[in-house]
Amino acid sequence: MDDLLIRGGRVLDGTGSPGREADVAITGAHITEVAPGSTRKARREIDARGLVVAPGLIDIHTHSDFTLPLNPRAESKIRQGVTTEVVGNCGFSVAPALPGTSGMLKEYLSGSAPWLPMKDTSFAEYVDTYPETSVNVVHQVGHNTLRLMTVGMERRAATAEEIQAMAGLLEEALAAGALGLSSGLFTAPGANALPEEIHALARVLGKHGARYSTHIRDEGNRVFEAVREAIDVARQTGVHVQIAHLKLSGMDNWGGAQKLLAEIDAARREGVPVDCDQYPYDTGTNPLRNLLPPWVQEGGIGAMLERLKEQSVRARLRADIDKGGLNNFGRIPSWDAVRLAISASQPEINGRTIGDVARERRLDAFDQVCDCILSDKGHTRILITSMAEDDVRAITKTPWILVGSDGNSLATEGITSQGMPHPRFYGTHARVLGACVRDLRLFSLEQAVHKMTGGSATALGWTDRGWLKPGCFADVAVFDPDRIGDVSTYEKPHQYATGVSTVIVNGEVVIDGGEHTGLLPGRVIRRPTMH
Ligand SMILES: [Zn+2]
């Protein structure tokens with residue numbers, strides 16, 4: 001007797017091929033049969049007539065390591081059908097924190113993980129003691145974190161000994177089951193790394209069959225060079241490279257999506273192992289300080305705050321920004337394109353734009369930027385509208401582009417319900433299955449599901465998740481194809497997606513009749529270690 005039988009739904013198996021009516025049988029944590037008109041008996045049947053039955057969605061690029069310990073139910077994600085989150089992205093991981101360094105790491109990550117307690121920990125201890133969660137979790141170790149542990153916030157190339165030390169910490173993380181290394185070369189201290197440093201670490205990854213993901217060095221005015229740098233890692237070392245949240249940021253780069261996509265496609269056709277993911281929004285989010293040239297952060301937060309008080313430094317920053325646009329984001333029409341998401345010291349300005357606040361206070365907008373950073377001690381988080389909708393759509397609709405929310409698991413109640421987060425934290429996957437399929441008609445529902453299941457699983461090197469077929473883990477999402485959609489907006493972000501009725505993780509029902517059961521059956525998925 002099976003444990004569960006999902007009856008009569010339209011099964012999209014994750015391959016992208018046309019759906020068909022079938023029953024899905026589950027025993028324990030695995031799928032045992034996918035067949036029409038099953039005669040199997042199960043302890044529980046779920047009626048899926050009129051609904052779509054798909055593999056649980058994989059969110060291939062997230063920062064939920066900053067919130068899952070606070071919100072283990074992973075509400076904003078699992079209510080979209082997401083059953084697996086890949087964390088530790090953009091070079092940021094909360095482990096390893098060598099003895100005596102967790103305070104520094106917490107300060108460094110405060111603009112992204114304001115509420116998360118941190119402690120000194122090895123990567124192995126971090127993974128071994130990871131809390132139980134509703135979703136599966138895949139850990140990566142962050143290059144920024146490794147560099148903080150070895151070089152600190154010094155603005156220089158790493159020495160051979162320091163690269164050796166980073167490689168040692170990377171080996172420890174890989175032995176503990178990390179998927180691989182992530183980098184965030186757009187900001188300090190990762191921005192100080194030369195390509196050779198990344199290649200040296202990638203060769204360590206190659207030895208262990210591990211992977212590399214990257215928030216590239218520049219998503220604005222140098223996006224083409226930065227994409228080439230990422231492709232080059234794959235070309236030179238043979239290691240699989242995942243380019244995160246592909247975009248062209250800044251007015252001077254708008255309209256370049258087709259050319260950028262063609263370049264990546266050409267490399268893929270040559271057999272270079274490169275994949276990309278994207279969130280389908282024209283707005284990004286980051287700590288406000290990361291919009292400034294990386295040199296301002298040299299020496300850490302304290303040194304940056306001292307610098308920002310000086311008019312001469314502000315003048316140099318203004319000149320840099322006038323010339324080259326914002327770091328990573330390029331030129332924006334005005335500071336009205338930047339909206340405050342989380343300002344701990346002045347919560348009353350959350351949700352308003354920098355331009356708006358500056359006008360009210362009769363301040364120059366850039367002085368307002370500096371004042372926000374100073375009063376929040378560097379922790380201010382913002383939303384920045386810096387992409388062209390046509391580029392966003394061109395990237396979204398490309399069949400080989402995968403889907404990553406770049407967002408955290410949040411909930412509409414409790415500690416993670418604070419501030420004005422990016423709506424992608426609540427809506428990315430539902431938007432791809434809803435608006436992108438039904439309203440924008442960018443692709444079929446089968447293709448949309450494939451991007452977030454079989455397509456992502458292939459990029460991760462998996463064969464046992466991402467498809468609905470016997471032997472695979474029973475991660476399943478059941479949703480109404482006419483109703484699934486994102487609800488979260490910039491003005492009112494804390495709203496769950498609609499249309500998902502059942503979500504099963506490792507054979508256990510976490511969303512039942514649209515409600516969370518409170519179960520935490522997610523697993524830490526470790527990379528198989530090679531011998
Ligand atoms: Zn990123």
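Q: Are Cys-90 and His-215 buried or exposed?
A: Buried means under 20% relative accessible area, exposed over 50%, and partly exposed in between (1.4 Å probe, protein chains only). Both Cys-90 and His-215 are buried. This is a predicted model, where local features need pLDDT of at least 70, side-chain atom pairs count only at pLDDT 80 or more, and totals for chains, interfaces and linings use all residues. Residues are numbered from 1 along each chain as its sequence is written, and side-chain values use heavy atoms, with hydrogens and water left out.

Q: Which residues are the protein donors of the zinc ion?
A: Donors are N, O and S atoms within 2.8 Å of the metal (3.2 Å for Na, K and Ca); water is not among the atoms, so sites may look incomplete. Here the protein donors are Cys-90 (SG), His-215 (ND1) and His-245 (NE2), 2.0 to 2.3 Å from the zinc ion. Their spacing in sequence is C-x124-H-x29-H.

Q: Where is His-245, and what is its phi?
A: Helices (H or I, at least four residues) and strands (E, at least two) are DSSP runs, numbered from the N terminus. His-245 sits in the loop between β12 (241–243) and α8. Its phi is near 30°, a positive value in a residue other than glycine. His-245 is buried, at 1% relative accessible area.

Q: Where is Arg-441, and is it buried or exposed?
A: Arg-441 belongs to the loop between α15 and α16. Arg-441 also has a positive phi, about 50°, although it is not a glycine. Arg-441 is exposed, with a relative accessible area of 68%.
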